[in-house]
Amino acid sequence: MLKATPHNQSPPSKVDASGSSLEDDTLWRSFKTGNQLAFSILYKRHVQRLYNYGMHTSMDKEMVKDCLQDLFARLWDKRETLGVAGSVNYYLFKSFRRLLMNRIVAKRKFSIPFQGRPESVFEFAPSFEQSLIEQERMTHQYERLRSSIQSLTKRQREAIFLKFFNDLSYHEVASVMEMRVDSVYNLISKTIDILRSKLKEITFLAFFFLQKADF
Amino acid sequence: MGDYYHFSVNDFVMDEYFQAWVWKPTDENSAFWRDWLSHHPDKAENVEKAREMLKKLNFPKYSLSDQEVAEVWNTIQNQEQRQEVAPHKTSLSYGWYSAASVLFIFCAAYFFISQKNNRVEFETAFGETRSILLPDSSTVILNANSQITYATDWDNQSIREVWLQGEAFFEVRHKQNDQPFKVTVDDGVAVEVLGTSFNVYHRTAQTKVVLNTGQIRMSLPNEKREDVKIMMKPGDLVEVKSKKYSKRQVDANLYIAWTQNKLILDYTSLGQIIQMLKDNYGIEVQVERPELLNQTVSGSIPMPKPESSVEQIAKAFQLTITKQDDTYILTE
């Protein structure tokens, strides 16, 4: 019997069907060696979150989908040379934001300046998981919350969105938004102040209900 | 973590460990915060305000349907092919350009028509593998020189069915409603599953199915009675040839090594390797003496380019290559 010449490249990175339980980093290493299954698992894991972010940045669904395609096509093309410092999640957000911003800027250049609606949203919706009885009372609060959120700047909303809904650290948010870490921290802190001062009454009201339920 | 005592409501809101407790409570962080609160009851109000703040924060959520997730992915794969073709364009004559555009229109039209019938079809060329997301976001890795067809409206059907020619690896998502998933190859052999991963090979009247995880049921056509059903466990290989089947245990990872652009050999005969080169790359290889076909080899060979893989294989078997027209001939 003959032996094939052993080739001493990277160790074989196995991704089986249970790949869905593997860490991002493991999948990423596998993807870099050309493993399509690992790449598709990463895609499936992150696409909804990036899409959600894209839709908050621009309400143009087709454009957001285009950018997603662009992002993942580029990743595959450059897989061998990609070096990721930090989490995969962060890297995807950073790259995706850059693509989105380029596209938005390009679109603005060619669009008619007079458009009724702002194209960038970053809108909040309250999360009311409470019972139906409470909902009516909450609609009232919802309007109040909504108006307070409208008073926030786009940057404030984006920072909150990235930090609180997308598992990014303060450092990562700073890098994604191309800001300094302490600026992000201050920005978010200020935003919370604004929201809290507007929501003071509501918070107090809810406090009494929740105290009984949760503790 | 002593300084939590001096935390304002804002500080709590912004603290990652605090956020984790509110949004992703675990036994560990819940225990910590309960304990902390029991030692600092005077801080309960601040903590509760911060909790409430975090709970109230929310954005509307936009999401893609499973089908859209699949569509975006499958378009990425199209772009990828176009880009790989791109570098050759400069050397193409105008004739080729027009031929290519006619072909493109033809393909687009075909795609449109098949879309209209709610069916999509993907095909790979020699030497090309591609991953496809199905409408339920199950993954298929289609090996070279293969074809897969499926309906796009699985939600309205009792079964998720795909038709395969060639070879593919499937990673099937289990649906909550237990909708079965079925792979059919053209001689009526079928694999039926709920959610699992397996490899199906069907070329030239031979079918091989290898199960990686989960459990599957294979059915074979039978003129006399009902179809023959075979239950498979992980690591089982079922081989069907001229309506007879055999089952044995194998290392399932060897059979999906191709999904990682590798050829993993485990006492694999030269004859099998030559068949693989023909199946996946359209490469014809002949040997000087037929006895050579029974020699076996073990190890792993990366498969970046088909030509170099012939060289590597020749090296492994200590044979020399000569080329006649499009055929490689291996001699001692």
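Hi everyone, let's start with one residue: Asn89(A) counts as buried, because its relative accessibility is 7%, below the 20% cut-off. Please keep in mind that this is a predicted model. Asn89(A) sits in helix α4 of chain A, which covers residues 88-110. What is Asn89(A) in contact with, leaving aside its neighbours within four places in sequence? The list is Asp24(A), His46(A), Arg49(A), Asn166(A), Asp167(A) and Leu168(A). With Arg49(A), the side chain of Asn89(A) makes a polar contact of 3.5 Å.

Now, on to charged pairs. Over all chains, the structure holds 22 salt bridges. One of them pairs Lys61(A) with Glu68(B), with 2.7 Å between the closest N and O atoms. That pair crosses between chains, from helix α3 of chain A to helix α5 of chain B. Lys61(A) is partly exposed at 29% relative accessibility, while Glu68(B) is buried at 16%.

Lys163(A) and Glu16(B) also meet in a salt bridge, at 2.8 Å from N to O. Lys163(A) belongs to helix α6 of chain A and Glu16(B) to helix α2 of chain B, so this pair joins two chains. Here Lys163(A) is buried, at 6%, and Glu16(B) is partly exposed, at 37%.

Finally, a friendly word on confidence. Chain A averages a pLDDT of 74, and 63% of its residues score at least 70. Where in chain A is confidence lowest, and where is it highest? The lowest mean, 40, is in strand β1 (residues 2-3), and the highest, 94, is in helix α7 (residues 170-176). Residues 203-215 of chain A stay under 50. Where pLDDT is low, the predicted coordinates should not be read in detail.

Note on methods. Residues numbered from 1 in each chain as written. Chains lettered and ligands numbered in written order. Predicted model: local features only at pLDDT ≥ 70, side-chain atom pairs only at ≥ 80, totals over all residues. Heavy atoms only, no water. pLDDT = per-residue confidence, 0-100. Helix = DSSP H or I, 4+ residues; strand = E, 2+ residues; numbered from the N terminus. Contact = heavy atoms within 4.5 Å. Buried < 20%, exposed > 50% of the residue type's maximum accessible area, 1.4 Å probe, protein only. Polar contact = N/O pair within 3.5 Å; in protein donor to acceptor, adjacent residues only side chain to side chain. Salt bridge = Lys/Arg side-chain N within 4 Å of Asp/Glu carboxyl O.
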